[in-house]
Amino acid sequence: MSVTRFLLGLTALAVSSIEAQQSSRTQPITGLRDNATGYHALVGARVVTGPGQVLTNATVVVRNGLITAVGAGLAAPSGARVWDMKGLTVYPGFVDASADMGGDAPPQGGDVGPTHWNPQVRAWFSTTANLKDDSTRRIALRSLGFGTVLAVPRQGIFRGSASVVTLSEAGVRERVLRPDIAQSIAFQRSFALGGMYPNSSMGTTALMKQTFMDAEWYPRAWAAYEASGRASLPPETSEALAALGKAVKGQQPVYFETTSEEEYLRAYKLAQDYKLTPWFRGNGQEYRLIDVLKGRPQPLVVPLAFPDAPNVSSPEAAANATLSDLRHWYLAPTNPAQLAAAGVPFAITADGLSSLQQFLPNLRTAVARGLAPDKALAALTTVPATWLGIDKSHGTIAAGKAANLVVTAGDLFTEESEVRDVWVQGVRYGVTRPPQVDPRGTWTITSSDPGAFTSAIVRIEGPLNRIRGTIEISGKRSVNLTSARITTETGRLEATFPGEAIGLEGSTLLAGSVRDQEFFGWVSLPNGTDATYRGTRTEAYEGPARGAVASRVPKLDLPFMRPSMEFGRTAAPPQPAAVLVRNATVWTQGAQGKMQNADLLVQAGKVVRVGQKLTAPAGATEIDATGKHVTPGLIDPHTHSGVSDVNESGFAIVPEVQMGDVVTHNNIWFYRQLAGGLTTTMIKHGSANPIGGENVYVKTRWGSLPDEYKITGAPRTVKFALGENPKRSPTRYPNTRMGVQEIIRDHFLAARDYRKEWQRWEKEKTGIPPRRDLRMEAILDILDQKLLVSSHGYRADEFLALVRLAEEFGFRIQTLQHGVEAFKIASELKASGVAAVVWSDWGAFKMEAYDNTTYNARLLMEAGVVTSLHSDNAEISTRMNWEAGKLLRTGVEEVAALSTVTNQSAKAIAIDNRVGSLEAGKDADFVIWNGNPLSQFTKAEQTWVDGRRYFSLEEDKALRAETARQRSQLIQAVLAATPAEGTPAAGAPARPRGPGGSR
Amino acid sequence: MSSSLITHPSTMRPMTTTTKSALFALLASTLLVPGAVRAQERMTVPPQDKPVALRGATIHTVTKGTITNGTIVLDRGRIAAIGGADLAIPNGARVVDVTGKHIYPGLVDAYSTVGITEIGAVDVSNDINELGDFNPNVRAEVAVNAESRHIGTTRSAGVLVSFSTPEGGVISGLSSALNLEGWTWEEMSMKGAAALNVRWPDPNARPRRGFGGGGRGQAGPPPKTYAEQVQQIKDWFGEARAYRDAVKSGQDVRTDSRYAAMIPALEGTIPVVVAAEGAAQINDAITWGKAEGVKLVIRGGRDALFVADRLKAENVPVILTSTMAAPERDYEGYDGAYAMPAKLYAAGVKFAIAGGSGGLYSNRLPWDAGVAVAFGLPEEEALKSVTINAATFLGIADKVGSLEVGKEGTLLITTGTPLDMTSNIEQSYIQGREINMMDIHKWFFQKYMEKIKQQTPKKVVP
């Protein structure tokens, strides 16, 4: 968007105005009335009245802001100003269902009034009440063809209500089409608004849940207060909660802005759980969820943000290009086409681009990469108009509709075209103009002063905003014009050229004016001589023709993969009806112990039995495992990979946050864990809080969606943290182990008070109804042993203190984790029934970890404590068998050593009814090893989860080959699509030309 | 096996069961030894005073094959003889029957911080990074805490020789070869200035303030380009060479301890170990090292496979420090790091494997080498990578790294390969001394078995 274009946009203001609806306007007219007719006929155009509807040589009649007639060959009515549209195309004005119009920044010092305790909750903000948009954005969006937008506020998590506004230059009172129709919500907080909490994705989700619930409570609380005749003190006032009233009843759409496929899934689930009416601002990754999106009717508004090509300019750079990035580079421009092909309704937005200048080129790229122009037009007109409830007046060119039009030179979707004018409600806004006088071509000029020169040839070429040229004085060498520029409205040219063109030192100044084929002007020579000249055009200028936009990106065979990255799967592995693993050393980790020459039979994802010489059911998949070892799938009760964030550290106590809300399947570690035999892990909240968030149990079902990783029916556990980590924030209580103990204790007391309040209400039903508090409810769940405590800590003292606190309040500590000093209180843990989850050999990395011993697990086992190993580390979680093997050197017997990553781990985290051993009825999670699983020299050959083979060395080899194939093809594609001289063009060869440059 | 004053290591070794009866058997065997409870940590033993003959074991010499039912004689700290069952045993020798056991040379960790670090997050307990980018004169040995807990646990894993190494800046300083036995660093030191360490700049790094990270919170000069950083290294070596030449030619120069410390590296009497991970880094480091004429060793070598042909052709050895690391790039297989030694071996590149996790975890060195076996490296090559190769690259192969007559009597008596946890290291010798096998981990085990014993008989109600 050049400066000239913006200026054109502004200067078009005075062309006309609408007065027909004067009766619905309140502002008195001062001074003289502006009564331009507002009556126009656009004649001779190619008119695309709607998707798939084209009229040629057609006329559109506009009067008083509305279209009054449209038809092919229609004569212009008398009285209308006639606009010759020959050679031009007219489209319906575009509608952007997600526009950032600015004007929503908080005032200095923050928002005032009773809004909400959390500065990120600004649901009370109204884009209508605060309509004061940024004129630069308005003009920029309009110049792309948009006449109407949904202005969506952008500050905070709950951002306020979005309004449909028109992009005219009329006053704000005349621009609102639909006020405050949807509540805008985003998963990314605005740092400018401040506030400590939330500072993580799961904290954000928790805040959303709590706020939805508060908004449901708020009107009830006030109603109770009013109904009582104001016989008590009132509930708190919150404009934010008041504003969300309709949304939480499903009566007003909640517009989720998503920045990733995971966020879309989270938003969808929240909408379901809280019975909201969701709209979605998409993120460009929808092609990864095509199967999920199919059949979903909710509004989905996708950006055209296409990534730059990964850097492959050197062998080392190419070696560092990930398949994930390469695929996204290739597939992102096909995102709209894939949505269209799958029949998913979607609109296109100009939002989400780093510069609005990318919009039209990217739109053409999307079309070149498979999006039908009609679908593209629909996604910019009829589809969003319908969703915004303005389809009766917007979206197509038809009599009676608002006169919102886009006039282009060339096909907007398939050619390097440009927008000439955008009409909004009958007012024309010029965007670009064709040159009125074009001085380009070859001119022969003769001078009036033969002392200066006699004749010369002047050549002028290039785009009009950057013209260049040469001058060749007869008998001399041709030289370049320097600093040449023209005014196309008048055809006046100014330039300089070196004096050497006429044999003088210095610079020569040249001025000239063009009229038709004639050229008049004067030169000022370095020696002081001025001379006039005149000339004629001897050759017309032939610029490059307007090209159809084609993609330079070669067509590749890139299968759908989940996740869309290295080793991604094209489909979930099948579950054979029966699997019989024959003749292995089977470590059942159950009553049968370790069996030689044994068979493992699995049916429908469950273990049937382990025994010798079992009979294969008909059709069973048989695996000869002679010489191999078979163990249960390994378990790691403490990892942090596979979630979007780890710590919600905004508050010291955050049990309301749930790691299960933020599982991400775009995590290569799940695959690597499978490769090391790991099938079950608990992904934990971080250790920044005395009471952290709720953990999530997953199986390593690589290739699944986030929710499919979770183990349904698993116990609920919450992370506690003791010691150095939760006390290290200097500005947040607590700062000592004493304070850690007290803040936990105080919250248990608070939860008891909360329960009392509810019990009183349930009994009496008088007064203001209490509010549901997710944090308090979580703590009550801990007290009720529905939520088990899994506590991080190192030292014996802090663990012992927590064990005693648990006894005082009657909650259950399921596991103590890390427990570098757990051995010091082994007997106490045994007595209290607390399981220990420890490392094999970590220690000394900080003060509280200094008293470590590799005999920790051994000592705990000697005392009879249920003992498991854990990793707390992505790398180590991929080799838990070797971690268990290290215990051999402390004298632990083999089966007992393996138990610390299988059956005892399962018992420690209370899922031993499902996993951890190869016993009848357990999940068929097992690993086939090429030797003793506890040996450093052994590796996993196959890993099965739920009776499905999720990993095998053989398949791994094939996946590596496929990864290599895709990478090399994509790297070649990047090189092919990248202009040799410059930076990658992101699959989009089309570059906007300067104004008037294409004729 | 010995008559040590304190708890005997072999009885210390825990029983292989978790049942109660075994528990008490164990307690009886450990705690009834006089003085056991007083012995909190390993005891240092005096230098070898009489010959020892270890008889009946399978001897893995590393360089001279394997001898079954062999005999090895240690005298005055060195290996006096190696042979079969019939090897003559000197008069007065203590004869130890190790029938059925295996004898390996003590493992050598080519890159460690053992002795110069104690607690990771406690800055004051770490003496690894000196301030500033150019510290060629700092020498690890003088900062080695002979009482560090990690020395004992490292020894227990079979690692008996460690190259403790400064890490900061660009020219980090001199690593020292240490025997992990002795009352003081002086007694432990085998070679105080064993190698000069250089950290190669990263051409792909985004420019940052300062270079080399001379210290926390230090306001550095404006960021330097990669070329400038490389030139800086060249300049330092150039200056050092000029200094050496001036000194050599007898000119009256003012002393400069930094350049003086670089002279052995310039002369090729000690190697220059260059930390380099990426392919471009490794390539540029080789180009530089060859032009400089130094005895070059690459350390790190994450992308060594990209440079394998050149490493072989230019005869540059690599000390791998990340065989247990995550694959650098997602498209590399899950075993990218595990399988790299096998691939380098196939490509003919010379390499050692070093502990990648610093002094706190030097006891993991055997696994760093063992993992390569699981992914295709012949076991004997894995063993070489933590013995003779490390010793050879860093210039102490005349002393350790293999079991050969004349080398130091630094060895392990084991039930099998030290690289696999399915076998145990039962006793080690350093310079002919039968060292005490106690360490802090075992000490805590002993002490807290006593607590369990005291508390178990009481009936506890869950």
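**Entry 1: two helices of chain B**

I began with helix α5 (residues 226–248) of chain B and helix α6 (residues 257–267) of chain B, whose axes come within 9 Å and cross at roughly 90°. Angles of 65 to 115 degrees count as roughly perpendicular, so α5(B) is roughly perpendicular to α6(B). I note that the model is predicted.

Which residues make the contact? From α5(B) I listed B:E239, B:A240, B:R241, B:Y243 and B:R244. From α6(B) I listed B:Y259, B:M262, B:I263 and B:L266. By class, the residues of this contact are six nonpolar and three charged, with no polar ones.

**Entry 2: chain B as a whole**

I looked up the secondary structure of chain B and found 13 helices and 16 strands. Chain B has 462 residues, and 53% of them count as buried. I then took the contacts in chain B with a separation of 6 or more, and 68% of these join residues 24 or more positions apart.

**Entry 3: the domains of chain B**

Chain B is divided into domain 1, made of 9–105 + 425–455, and domain 2, which covers 107–400. Domain 1 of chain B puts 17 residues into the contact, and domain 2 of chain B also puts in 17 residues.

I looked at the side of domain 1 of chain B that touches domain 2 of chain B. The elements giving two or more residues to this side are β15 (425–430) and α13 of chain B. β15(B) gives the most, with three residues. I sorted this side of domain 1 of chain B by class and got eight nonpolar, five polar and four charged residues.

**Entry 4: where chain B touches chain A**

How many residues of chain B are in contact with chain A? I found 49 residues of chain B in contact with 58 residues of chain A. On the side of chain B that touches chain A, α7 (279–292), α10 (365–374) and α13 (440–455) of chain B each supply at least two residues. The largest share comes from α13(B), which gives ten residues. This side of chain B has 29 nonpolar, 13 polar and seven charged residues. I note that α13 of chain B is also on the list for the side of domain 1 of chain B that touches domain 2 of chain B.

**Entry 5: chain A as a whole**

Chain A has 25 helices and 42 strands. Buried residues make up 53% of its 999 residues. Taken along the principal axes, the C-alpha atoms of chain A fill a box of roughly 110 × 80 × 60 Å. Of the contacts in chain A between residues at least 6 apart in sequence, 68% join residues at least 24 apart.

I looked up the domains of chain A as well: domain 1 is 441–540, and domain 2 is 576–632 + 916–946. The centres of these two domains of chain A, taken over C-alpha atoms, are 89 Å apart.

**Entry 6: helix α25 of chain A**

I then listed the buried residues of α25(A): A:T963, A:Q966, A:R967, A:L970, A:A973, A:V974 and A:A977. An α-helix has 3.6 residues a turn, so residues three or four places apart point the same way. The buried residues of α25(A) pack against α9 (323–331) of chain A.

Terms used
Residues numbered from 1 in each chain as written. Chains lettered and ligands numbered in written order. Predicted model: local features only at pLDDT ≥ 70, side-chain atom pairs only at ≥ 80, totals over all residues. Domains from an automatic or database assignment. Helix = DSSP H or I, 4+ residues; strand = E, 2+ residues; numbered from the N terminus. Buried ≥ 20, exposed ≤ 12 C-beta atoms within 10 Å, placed from the backbone. Contact = placed C-beta atoms within 7 Å. Nonpolar A, V, L, I, M, F, W, Y, C, P; charged D, E, K, R; others polar. Axes fitted to C-alpha atoms, helices over the stretch in contact; angles between N-to-C directions. Parallel < 35°, antiparallel > 145°, perpendicular 65-115°, else oblique.
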